[in-house]
Amino acid sequence: DAFDDCYSEDKLKGYLISRNLLVEPEKIEIKTVKLPKVINFRYIPIPSVLKLVLSKDEVRDNLENTENIMPNPELLCDYKDGTVFKSHDFFSQHPKALRLHIYADEFEVCNPIGAKRGKHKVFAVYYTIGNLHAKYRSQLKFIHLAILIRYPDMVCLQADDHSCKELYIPLINDLKALSTQGITVSLHGKEETYLAALATFSGDNLSAHGIAGFQTFFNCHRIC
């Protein structure tokens, strides 16, 4: 039977790992300074995910075809059509590098108006590859997860000035490595190196304020 290796969760996981089709999340612990607490979160290494994605012929073909499309100078259709991209220190030198668009948000895994509201809330950081055609960037399979942490733990980190920064250290270190060393992918017997860098970081008011260290309540005074 073709599904003998996939009839349980453990079997499926083992099958995917054995064929390099799964990037496992890393468990990382943070010790808070102000509160005697150890907080853990999950981080999925971005270089490993990009290497897996770029191993697909159809993805590489789409990247190449999208880059070869001649833009209309009178229209702003994409991030690379704007002055920010054209004047960017990294992208101006490496215009074909992978553009990573990162988004942070919270979500409820239970009924958002029920009694358990907030208890099981989760904070997540996602990203997508901006070089892909726009019709693919909105599809879930091209939106990748980078960080996952319980929102109550995220609030504790935000109250602990130095600890909140540690949440993003693995992501920042990977971004630095991607912009300098890149990732090497074997393509039909040949190796090709891809550089990548952060293009944008988006979020709603709550997420953006929390990341930047501003107040996260919006009931009075200056909220932005």
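This is a predicted model: local features need pLDDT of at least 70, side-chain atom pairs count only at pLDDT 80 or more; totals for chains, interfaces and linings use all residues.
Residues are numbered from 1 along each chain as its sequence is written, and side-chain values use heavy atoms, with hydrogens and water left out.

Let's start with the charged pairs. The count comes to six salt bridges, each a side-chain nitrogen of Lys or Arg within 4 Å of a carboxyl oxygen of Asp or Glu. Here are some of them:

| Salt bridge | Closest N to O |
|---|---|
| Arg150 and Asp153 | 3.4 Å |
| Arg99 and Asp78 | 3.7 Å |

Lys37, Arg150 and Asp153 are linked in a network of salt bridges. Buried means under 20% relative accessible area, exposed over 50% and partly exposed in between, with a 1.4 Å probe and protein chains only. In the remaining pair of the table, Arg99 is buried at 1% and Asp78 is partly exposed at 21%.

Now the cysteines. The structure holds zero disulfides, a disulfide being a pair of cysteine sulfur atoms within 2.5 Å. Cys77 is exposed at 58% relative accessibility, while Cys156 is buried at 18%.

Finally, the axes of helix α2 (residues 46-53) and helix α8 (residues 169-180) come within 9 Å and cross at roughly 50°. Helices are DSSP runs (H or I) of at least four residues, numbered from the N terminus, and the axes are lines fitted to C-alpha atoms over the stretch in contact, with angles from 0 to 180 degrees between N-to-C directions.

Note on methods: Helices (H or I, at least four residues) and strands (E, at least two) are DSSP runs, numbered from the N terminus.
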